[in-house]
Amino acid sequence: MPKNNASRRIDLTNQVFEDLIVVRLSEVRNKHNTLLWECRCSCGKIVFLPGTSLRGGHYKSCGCKQVAKRDAGVKRHIASDRVDGTRISALKAKLHVGNKSGHKGVAWLDKRNKWRAYIGWQGKNINLGYFSTLEEAIAARVKAEEEYHNPLIDKQRDK
């Protein structure tokens, strides 16, 4: 006589797993054809989870705690990454894939038929001018980096 999984299933109805309360056994199945339990998170969201994962402690919420933790981490990073309103990680970032000049803050403008040099400072872009040659634009950008960015990098290093 074949074993009946339904008769061996532990009833998890009304059980609490951290922030999850099991509402009922649903008709929803996962890719392994296992029936899933309908659970309500403390935030109000409904999720469907396998009983073995609930009992094993793999799920403690619908994921809302992870989002809150991630957002708090992002806020901490942004706060520690800023010096005088400028993000230090942005100063040290690699070139964008679409960069055609080979240098950060230098771009070709078809409209003017010139190279434009610019630099980010305290959340704003500062235009450094328009130049006929790429070398002039790069020189202007390098000079601006020395003036604007290097003191911030030194200040961050001294922290």
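**Rings, then a sheet**

Tutor: The charged end of R112 sits over the ring of Y130, 3.9 Å from the ring centre; the rule asks for NZ of Lys or CZ of Arg within 6 Å of the ring centre and within 35 degrees of the ring normal. This is a predicted model, in which local features need pLDDT of at least 70 and side-chain atom pairs count only at pLDDT 80 or more, while totals for chains, interfaces and linings use all residues. Residues are numbered from 1 along each chain as its sequence is written, and side-chain values use heavy atoms, with hydrogens and water left out.

Rings of Phe, Tyr and Trp (its six-membered ring) pair if their centres lie within 6.5 Å, and planes under 30 degrees apart count as stacked, over 60 as edge-to-face and the rest as tilted. By this rule there are two aromatic pairs. The ring centres of W108 and W115 are 5.2 Å apart and their planes stand at 70 degrees, so this pair is edge-to-face. W115, at 15% relative accessibility, is buried, whereas W108, at 35%, is partly exposed (buried means under 20% relative accessible area, exposed over 50%, partly exposed in between, with a 1.4 Å probe and protein chains only). The rings of W121 and Y148 have centres 5.1 Å apart and planes at 55 degrees, and the pair is therefore tilted. Because W121 lies in strand β8 (residues 114-121) and Y148 in helix α5 (residues 134-158), the pair ties together parts that are 27 residues apart in sequence; helices (H or I, at least four residues) and strands (E, at least two) are DSSP runs, numbered from the N terminus. Y148 is buried, with a relative accessible area of 19%.

Now to the sheet. Four strands form an open sheet in the order β1-β2-β3-β4, with antiparallel pairing, where two strands pair if DSSP finds at least two bridges between them. The edge strands, each pairing on one side only, are β1 (16-17) and β4 (46-49). β1 and β2 are joined by two bridges, and V16 stands opposite I21 in β2. In the hairpin of these strands, with two residues between them, E18 takes a positive phi near 55 degrees. Strand β2 (residues 20-29) pairs with strand β3 (residues 35-41) over six bridges: I21 stands opposite R40, and L25 opposite W37. The hairpin of β2 and β3 has five residues between the strands, and N33 in the turn has a positive phi of about 65 degrees.
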